[in-house]
Amino acid sequence: MSWAGPEEIYLSTSLASYLDKKLLVLLRDGRKLMGTLRSFDQFANAVLEGACERVIVGDLYCDIPLGLYVIRGENVVLIGELDMEREELPEHMTRVSTAEIKRAQKAEREASDLKGTMRKRMEFLDLD
């Protein structure tokens with residue numbers, strides 16, 4: 001059994017194995033970016049080529065093109081390779097335009113805000 005030196009360990013635990021591969025990157029703010037990893041550094045700052053943001057609202061989704069995109073490493077929660085052989089989304093998902101997904105996001109946000117407002121108004125009932 002051979003012993004791996006520090007260089008081999010560093011390369012096996014770095015993003016080097018993901019270079020030139022299509023990745024999904026989950027950011028701290030919840031955004032999901034997809035693109036091809038072209039470069040990275042020791043802080044996990046990364047450059048994605050052909051990047052897009054995948055926005056999902058219910059059964060609707062849209063891939064908003066971003067082009068060449070630089071991601072600051074401190075914002076990265078998760079990085080994973082996309083399997084290009086598999087279907088990306090379930091059949092019931094519907095692709096919509098950027099304008100449609102923005103309207104759906106706004107409606108979802110407003111519904112969430114209304115729910116929060118109603119909860120605050122009902123707190124005095126102390127139903128627990």
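Between which two strands is the loop that holds Gly58 found? In this predicted model, Gly58 sits in the loop between strand E3 (46-57) and strand E4 (60-71). Its relative accessibility is 54%, so Gly58 counts as exposed. Met93 lies 35 residues from Gly58 along the chain. The C-alpha atoms of Gly58 and Met93 are separated by 8.3 Å.

The structure holds seven salt bridges. One of them joins the side chains of Glu49 and Arg38, with an N to O distance of 2.7 Å. This pair links distant parts of the chain. Glu49 belongs to strand E3 and Arg38 to strand E2 (residues 32-40), eleven residues apart. Glu49 is partly exposed, at a relative accessible area of 36%. Arg38 is also partly exposed, at 37%. A network of salt bridges links Glu49 and Arg38 with Asp20.

Asp63 takes part in salt bridges with Arg54 and with Arg95. For Arg54, the closest N and O atoms are 2.7 Å apart. Both Asp63 and Arg54 are buried. The relative accessible area of Asp63 is 15%; a residue under 20% counts as buried, so Asp63 falls in that class.

In the salt bridge between Asp63 and Arg95, the closest N and O atoms are 3.7 Å apart. Asp63 lies in strand E4 and Arg95 in strand E6 (residues 94-95), so the pair ties together parts that are 32 residues apart in sequence. Arg95 has a relative accessibility of 53% and therefore counts as exposed.

Technical notes: Residues are numbered from 1 along each chain as its sequence is written. This is a predicted model: local features need pLDDT of at least 70, side-chain atom pairs count only at pLDDT 80 or more; totals for chains, interfaces and linings use all residues. Side-chain values use heavy atoms; hydrogens and water are left out. Helices (H or I, at least four residues) and strands (E, at least two) are DSSP runs, numbered from the N terminus. Buried means under 20% relative accessible area, exposed over 50%, partly exposed in between (1.4 Å probe, protein chains only). A salt bridge is a side-chain nitrogen of Lys or Arg within 4 Å of a carboxyl oxygen of Asp or Glu.
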